[in-house]
Amino acid sequence: MTNVAPYSRTTSLNCYDVPNGVDVRGRYDDEFAKILTKDALQFVSELQREFRSHIKYALECRKEAQRKYNAGCLPGFDPATRCIREGEWVCASVPPAVADRRVEITGPVERKMIINALNSGAKVFMADFEDSLSLTWEKLMRGQVNLKDAVDGTITFYDQARNRLYKLNHPHTAKLFVRPRGWHLPEAHILVDGEPATGCLVDFGLYFYHNHATFRRTRGAGYGPFFYLPKMEHAREARIWNSVFERAETMAGLGSGSIRATVLIETLPAVFQMDEILYELRDHSIGLNCGRWDYIFSYVKTFQAHPDRLLPDRVQVGMTQHFMRSYSDLLIHTCHRRGVHAMGGMAAQIPIRDDQVANEAALELVRKDKLREVRAGHDGTWAAHPGLISVIMEVFTNYMGATPNQIETMKREDAAIVTEEDLLQRPSGVRTMEGLRLNTRVGIQYLAAWLTGTGSVPLYNLMEDAATAEISRVQNWQWLKYGVVLDGDGLGVKVSLDLFARVVEEEMAKIEKEVGEEKFKHGKYKEACKIFNRQCTAPTLDEFLTLDAYNHIVIHHPNGSPRL
Ligand SMILES: CC(=O)SCCNC(=O)CCNC(=O)[C@H](O)C(C)(C)COP(=O)(O)OP(=O)(O)OC[C@H]1O[C@@H](n2cnc3c(N)ncnc32)[C@H](O)[C@@H]1OP(=O)(O)O
Ligand SMILES: O=CC(=O)O
Ligand SMILES: [Mg+2]
């Protein structure tokens, strides 16, 4: 579904100045026009034209691999690339500006949050166009404006209600990394030769075009810009990114290896490709990261047709499960062998303001998780909230001291023997009715927020974003598909369409009670419920929650195109 904004007296007649073959159908805004310049759009369209067939092929290969998993195959190491895994090679040396990444804060590209994150005391801020952003035209373009102001060092935000002006604490700001969308997401408001552009090429292209020079001069000490690359499944996808980087460096007249990126290992197929991914990006790499939430989602998705590999309740799938620990250990071993950072992941706990005891318990869980990571050899980790930075910093600094990272000191040779069986081992735990109910409440509330422009939310004292909500969705789908018996709570109830319909109705009532009648009436809960319900009960599993939801937030403006 694409929404077309009607002409009205308030519709601006301004439009973007576009190069040949490019059509911008998003709302016109004078601020956005400073980003969507003809030259910047020309660069994005060149990337699109050069790489679109490679991207389509890579996405087709993902589907082909999934067909094999659905037919009973298991993912594993590729015998054809054994020489890369066994060969002695290292990635380009770490840029001094980002040698120390012990605490990284993440967050959507919202103006106030960017300032807060850059001022938070974290070493790095990952500005996110992915899991934590609702992909509306307004948020995406406003995000580009915000990032440009941040790189220029001029970003400010005035909070009227508090009469507070936010600005950067120069020079003590975090180093900026940007995470573009995954390959699968289109940008429906920008057409190149009549086709929606690839979302990540828009995010990367616009950001790189406007910021590379200032970034390298003022923030990267001659390197950069820096990126995080999400949701890849195979080294061929890393090869495309490497070529995109080379193309961008040539356009900007930069030396090869200026741009650096950390790849999130957050799909099950990618864990068997870590050496290969680093190899493809060896001149542009700055490590790998354990994207644990998407990884869990991917485990369910990969094994969607394997009823013998069902996960227990979401809350029980932590990093101490054997398959999760093996993934983290092998990632550390691989990164350190290749001379780059092995980054840890996100603990979902956030500060709980109104309950001191619960807050201390949440902080303790974060401490424990981070201690496990630093002891295992991770060089740094993620924080979801500024209130967690000091706690996490203390854990990492107590252990690492002033040494910027553990690349040379924690080789983890013992993890060289992690096997396919270790990485696929069935998780232990139980499935419960409460697990089904919580998945449903979280999934619907997250989608309702996403549809109204918010991509990360606090729910039941945890951070929820697209990755965590995906787990709720695919788990419900799989339990329904296989009529799982929920026996962890002694009830022994079988999940059926009838039961699920009742659960959805009851959980919607609970949500209404929790958020209040007014918010429920004016929010998008019913629309979210419809989307979530359809996805959980679909005969075939949808690839991504946000692909379907995206269709509900696309708004084409007629002044962008006479063809509409
Ligand atoms: C699976 C993954 O991909 S993880 C990575 C993607 N996910 C994320 O990045 C999630 C980032 N975190 C967040 O979005 C938020 O912390 C939430 C939604 C979880 C909680 O948000 P809130 O409930 O609004 O937080 P809260 O009200 O406690 O915020 C207090 C202050 O901290 C700021 N803040 C909270 N989180 C962040 C953040 N990640 N970055 C910067 N500032 C932040 C708020 O803006 C607020 O600032 P103010 O006091 O100046 O107004
Ligand atoms: O992007 C991070 C994740 O855990 O997913
Ligand atoms: Mg993720």
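A salt bridge is here a side-chain nitrogen of Lys or Arg within 4 Å of a carboxyl oxygen of Asp or Glu. The legends below describe a predicted model, in which local features need pLDDT of at least 70 and side-chain atom pairs count only at pLDDT 80 or more, whereas totals for chains, interfaces and linings use all residues. Residues are numbered from 1 along each chain as its sequence is written, chains are lettered from A and ligands numbered from 1 in the order in which they are written, and side-chain values use heavy atoms, with hydrogens and water left out.

**View 1. The salt bridge between E464 and R314.** The side chains of E464 and R314 meet with N and O 3.0 Å apart. Across the interface of domain 1 and domain 2, the rule finds 1 salt bridge, while the overall count by this rule comes to 57 salt bridges.

**View 2. The interface of domain 1 and domain 2.** The domain assignment, which is automatic or from a database, gives domain 1 as 41-424 and domain 2 as 433-551, and their C-alpha centres lie 26 Å apart. The contact (heavy atoms within 4.5 Å) takes 40 residues from domain 1 and 35 residues from domain 2. About 3300 Å² is buried between the two domains, with carbon and sulfur atoms giving 64% of this area; buried area is the accessible area (1.4 Å probe) that two parts lose on being put together, summed over both. In domain 1, F297, Q304 and R314 lose the most area to domain 2, and together they account for 21% of what that side buries.

**View 3. Polar contacts and elements at the interface.** Between domain 1 and domain 2 there are 17 residue pairs in polar contact, both residues being at pLDDT 80 or more; a polar contact is a pair of N or O atoms within 3.5 Å, where within protein one must be able to donate a hydrogen and the other to accept it, and residues adjacent in sequence count only if both atoms are side-chain atoms. The elements that give two or more residues to the side of domain 1 that touches domain 2 are α2 (38-70), β8 (186-192) and α10 (292-302), helices (H or I, at least four residues) and strands (E, at least two) being DSSP runs numbered from the N terminus. The largest share of that side, 6 residues, comes from α10.

**View 4. The surroundings of ligand 1.** Ligand 1 is surrounded by 27 residues, of which the closest are T106, K112, D131, Y166 and S456; a residue counts as near if one of its heavy atoms lies within 4 Å. An oxygen atom of ligand 1 is 2.7 Å from an N or O atom in the side chain of D131, and a polar side-chain atom of R179 lies 3.1 Å from an oxygen atom of the ligand. A nitrogen atom of ligand 1 is 2.8 Å from a polar backbone atom of A384.

**View 5. The surroundings of ligand 2.** The residues around ligand 2 include D131, R179, E266, W293 and D294. An N or O atom in the side chain of D131 is 3.0 Å from an oxygen atom of ligand 2. From the backbone, a polar atom of W293 is 2.8 Å from an oxygen atom of ligand 2, and an N or O atom of D294 lies 2.9 Å from an oxygen atom of this ligand.
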